[in-house]
Amino acid sequence: MNHHSGTTSTASASDAGLASRTPRATRLLSGPVPGVLLCLAVGALCMLASHFTRSVSALLIAIVLGALWRNLAPVPHVVDSGVALSAKKLLRWGIVFLGFQLSLESILALGPGVLLVVVSSVTVTFLLTAWIGKLMGLDLEQRLLIAIGFSICGAAAVAGAEGTIKAKEHQVATAVGLVVLFGTLMIPAMPALGLLLGLDERGIGMLVGASTHEVAQVVAGAGSVSAAALAVAVTVKLARVLLLAPVVAGVGIYMRRKHSVRGDKNPPLVPLFIIGFLATMLVRTTMDLPEVFIDGASTVQTLLLSAAMFALGLGVHLRSIFTSGIKALLLGLVATLIIAAVAASGTVLFPPA
């Protein structure tokens with residue numbers, strides 16, 4: 001009797017152990033792991049592909065691949081939670097690592113005229129886009145996302161501000177889709193405008209950096225002109241990226257004071273990843289970091305941002321942008337024209353030294 005009882009209890013323990021292991025494996029496969037691994041793998045492949053297509057960056061390839069997959073074929077549900085996590089967490093860590101590429105010295109070396117153009121491009125585009133969006137009757141969250149994305153650094157800025165604005169998923173996806181659409185059109189358009197204005201290579205680089213939405217699109221546009229244009233364009237663009245911190249903080253203050261935000265909690269005044277971004281930028285500025293570390297940080301940043309861009313691309317429903325988002329599409333066009341006009345007039349008045 002005791003022997004039988006012992007056997008039964010042993011079998012029960014074995015069954016319990018098996019049962020406890022099975023849910024753990026199931027949770028692993030049904031949780032965020034598959035989606036995160038997918039995004040990182042695609043991000044790495046996009047980095048590899050960008051070596052063979054030097055005029056197209058990994059970030060741009062990734063977001064286009066994501067959008068194509070979402071709109072042409074079904075996306076397995078098993079990756080949904082991991083894709084959502086990648087679009088937020090990996091992107092924020094990517095922005096933190098982006099700070100290692102920013103030296104305040106190189107930005108200040110642009111001179112007061114160029115810095116004035118950078119600040120004007122961001123400020124005028126942001127304020128006018130938000131105001132015109134209000135006149136058009138767009139939701140506050142949607143117009144703020146478009147204003148931030150088009151004035152600062154594209155999809156990274158949209159996703160970076162999303163938590164502060166408390167935007168809905170489809171609003172974030174619409175803003176990202178618009179940045180991809182209009183920013184891609186700017187890749188050939190801005191260098192062509194520079195030639196029409198009679199700018200030299202460095203002037204074209206400044207125009208591209210002060211106007212084009214994504215860092216990736218800036219690299220593609222200015223890289224097609226010359227190495228000199230690319231160097232100026234990237235520095236000017238990074239000066240715009242630097243303004244992400246004060247703009248997100250300002251939007252946070254505005255949302256707290258003027259508008260009730262969904263949910264019980266107020267949005268963070270300055271998100272933690274923005275503080276991390278400023279910290280890494282200060283480390284780069286104040287410390288003599290070895291070149292191998294800066295290159296390594298750049299590789300990590302590109303991988304994280306490429307994975308996040310692929311995840312954001314998977315959230316782009318082109319049909320919804322072109323049907324329910326006609327006003328948003330029009331606002332994206334207006335914002336692009338505004339920043340192109342401000343950047344062009346500024347570059348003519350204050351060309352780079």
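**Entry 1: H6 against H7**

I looked up the handedness of the crossing of H6 and H7 in this predicted model, and the crossing is right-handed. I then took the geometry. Helix H6 covers residues 112-135 and helix H7 covers residues 140-151. Their axes come within 8 Å and cross at roughly 155°. Angles over 145 degrees count as roughly antiparallel, so H6 is roughly antiparallel to H7.

Next I listed the residues that make the contact. From H6 I noted Val122, Thr125, Phe126, Thr129, Ala130, Gly133 and Lys134. From H7 I noted Arg143, Leu144, Ile146, Ala147, Ile148, Phe150 and Ser151. I sorted the contact of H6 with H7 by class: eight residues are nonpolar, four are polar and two are charged.

**Entry 2: Ser103**

Where does Ser103 sit? I found Ser103 in the loop between helix H4 and helix H5. H4 spans 80-98, and H5 spans 104-108.

Is Ser103 buried or exposed? I read a relative accessibility of 9% for Ser103. The cut-off for buried is under 20%, so Ser103 counts as buried.

I also checked what Ser103 touches. Leaving out residues up to four places away in sequence, I noted Arg284 and Thr285.

**Entry 3: aromatic rings**

How many aromatic pairs does a search of the whole structure find? I got four. I then looked for a cluster. Phe97, Phe100 and Phe293 form one aromatic cluster. For any later look at a pair, I note that two aromatic rings are described by the distance of the centres and the angle of the planes.

Definitions and conventions: Residues are numbered from 1 along each chain as its sequence is written. This is a predicted model: local features need pLDDT of at least 70, side-chain atom pairs count only at pLDDT 80 or more; totals for chains, interfaces and linings use all residues. Side-chain values use heavy atoms; hydrogens and water are left out. Helices (H or I, at least four residues) and strands (E, at least two) are DSSP runs, numbered from the N terminus. Buried means under 20% relative accessible area, exposed over 50%, partly exposed in between (1.4 Å probe, protein chains only). Contact means heavy atoms within 4.5 Å. Rings of Phe, Tyr and Trp (its six-membered ring) pair if their centres lie within 6.5 Å; planes under 30 degrees apart count as stacked, over 60 as edge-to-face and the rest as tilted. Axes are lines fitted to C-alpha atoms, for helices over the stretch in contact, and angles run from 0 to 180 degrees between N-to-C directions. Angles under 35 degrees count as roughly parallel, over 145 as roughly antiparallel, 65 to 115 as roughly perpendicular and the rest as oblique. A crossing is left-handed if the near helix is turned anticlockwise from the far one by less than a right angle, and right-handed if clockwise. Ala, Val, Leu, Ile, Met, Phe, Trp, Tyr, Cys and Pro count as nonpolar, Asp, Glu, Lys and Arg as charged, and the others, Gly among them, as polar.
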